[in-house]
Amino acid sequence: MMDEPMRNPTRRNFLNYLLGVSAVGWVGSVLYPVFEYFKIPPQKDDQPESVVAASFKDLKPNQGVIFKFGSSPGLLIMGQDGQLRAFSAVCTHLECTVKYRPDLQKIHCACHNGMYDLNGSNISGPPPRPLPQYRVVQRGDDVVVFRA
Amino acid sequence: MATSPHERFISWLAERFPVVALQRFASEKKVPRYEGSIWYYFGGVSLFLFIIQVCSGILLMMYYQPGVQTAFESVRFIVVHVRFGWLVRSIHTWSANLMIFSVFVHMFSVYFTKAFRRPRELTWFTGLALLGLCMAFGFSGYLLPWNMLAFFATKVGTAIVSVAPVVGRPIMEILRGGKDVGAATLVRFFGLHVAILPATFTAVLSVHLLMVQIQGMHEPHGWGDLPESKKRYMPFFPNFVLRDVLLWLIVLNVIAVLAVLFPWELGHKADPSASAPLGIKPEWYFLFGYQALKYFPGKILGMDGDAVGVVTFGIGGLLWVLVPFWDARLAGGARNRVVNYVGLLVVIGIMALTVIGLR
């Protein structure tokens with residue numbers, strides 16, 4: 001007689017525990033695929049190693065052009081001295097696309113007034129890091145840009 | 001004086017929201033227990049399948065890109081590259097089919113138990129509107145992967161609309177967004193499928209559920225004459241709700257098993273210049289109508305056979321909707337058998353035409 005009130009709560013607790021564990025397992029088995037589903041799968045051709053950025057005859061000294069490098073923009077600059085340089089055009093601050101300013105002979109980000117020199121180094125404003133630089137090769141009339 | 005955190009929270013909430021009234025309402029609501037009680041569950045199952053549709057549909061929208069150049073490719077991307085993408089798509093399709101099946105069962109159970117009778121006419125009307133919306137969901141969603149079957153099914157489906165007298169052709173062009181099925185149709189169907197239909201469905205569903213709550217569960221024929229002691233009830237909360245939840249769990253598991261064992265095929269990308277593939281037919285829930293139209297001759301008394309068919313279906317559908325009114329006018333009182341015979345004829349007709357159509 002003494003056992004009854006003791007045993008019933010114990011059995012109930014055990015069943016509640018089993019129910020709780022299976023509920024957690026079930027929720028997990030629903031949430032895991034959903035969580036995985038949101039991960040972007042790697043896509044081919046997202047990051048090509050090289051790209052034809054411009055035609056040499058279209059470039060003038062003290063000029064910059066934006067080109068598409070995979071899914072992100074790049075910046076090709078022909079300096080006053082005729083030297084070609086290429087950088088990622090994604091500002092290292094908050095990912096705005098930068099542009100070449102012929103009047104300043106600097107790379108400028110209009111979003112927060114960030115400034116880079118012609119080596120891609122951050123020289124004023126909020127950008128925390130230099131722009132990644134690319135290798136430039138001239139092949140006939142094509143200006144080809146490689147990831148460094 | 002509330003002391004425990006739980007009690008304090010309830011009293012905090014009660015000041016702002018009628019918790020106690022809701023609790024009282026839930027505890028007083030009861031469900032009749034008799035041999036036909038099982039039919040009460042199909043409304044809840046349909047609701048649950050709708051919830052699955054909303055969740056899986058939102059997930060699909062994370063990757064789907066409408067447009068003739070991107071729709072098929074994005075669905076293929078979901079199925080092939082996205083982790084568990086095949087599962088999400090298959091769940092969406094399987095659950096859609098089961099939802100329409102469940103709504104059909106729900107409708108016929110309401111019809112045969114005569115739960116549409118006064119004062120539940122509005123629940124019946126909104127329920128039928130929900131079935132119509134479900135079929136519109138099915139029809140519009142079918143086109144979205146932009147594959148061959150979808151393309152031709154949409155061509156045929158919208159062309160059938162055009163044979164209806166006077167309004168047919170304008171409605172077809174509104175649906176297609178032009179004279180033919182193309183890029184405009186795909187974008188329209190997408191907008192319909194993910195915005196217009198869900199918004200309308202949610203509004204009508206709210207009225208439907210509100211009516212059910214206001215009027216309570218329908219009691220079977222003959223209960224009015226029984227003494228209170230002979231009537232058996234089950235409390236809605238928690239007894240019925242827990243059974244509901246258990247059934248929902250089973251349904252979800254059935255869908256998961258179906259989706260894993262029989263994933264939905266994607267087929268080939270739509271090519272508007274190609275010939276219609278062999279054996280093309282609509283989804284099973286449109287099959288009976290499609291099959292029935294085949295039996296109408298090309299010309300009936302100088303009128304277009306398809307047009308006569310569509311109008312006949314329209315009149316039949318209207319009579320079905322209006323059953324609460326003609327049932328009430330027929331002799332035979334509560335046991336009115338004409339309604340049963342008509343219903344039986346419709347069920348047998350739909351099943352027979354569907355089976356013939358499937359072969």
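Start in chain A: select strand E6 (residues 106-109) and strand E7 (residues 114-116), which pair in the antiparallel sense over three bridges. Strands here are DSSP runs (E, at least two residues; helices are H or I, at least four), numbered from the N terminus, and two strands pair if DSSP finds at least two bridges between them. Zoom in on A:Ile107, which sits opposite A:Tyr116 in E7(A).

Before moving on: this is a predicted model, where local features need pLDDT of at least 70 and side-chain atom pairs count only at pLDDT 80 or more, while totals for chains, interfaces and linings use all residues. Residues are numbered from 1 along each chain as its sequence is written, and chains are lettered from A in the order in which they are written.

Now widen the selection to the open four-stranded sheet, with order E5-E6-E7-E8 (chain A) and antiparallel pairing. Its edges are strand E5 (99-101) and strand E8 (122-124) of chain A, each pairing on one side only.

Hop over to chain B, with its average pLDDT (the predictor's confidence in each residue, from 0 to 100) of 92. Pick B:Ile91, B:Met99, B:Leu143, B:Trp146 and B:Ala150: these have the most contacts inside the largest nonpolar core, of 54 residues. Such a core is a set of buried Ala, Val, Leu, Ile, Met, Phe, Trp, Tyr and Cys residues joined through C-beta atoms within 7 Å; buried means 20 or more other C-beta atoms within 10 Å of a residue's own, placed from the backbone. Colour H5(B) next, as the largest share of this core, eleven residues, comes from there.

Methods
Buried ≥ 20, exposed ≤ 12 C-beta atoms within 10 Å, placed from the backbone.
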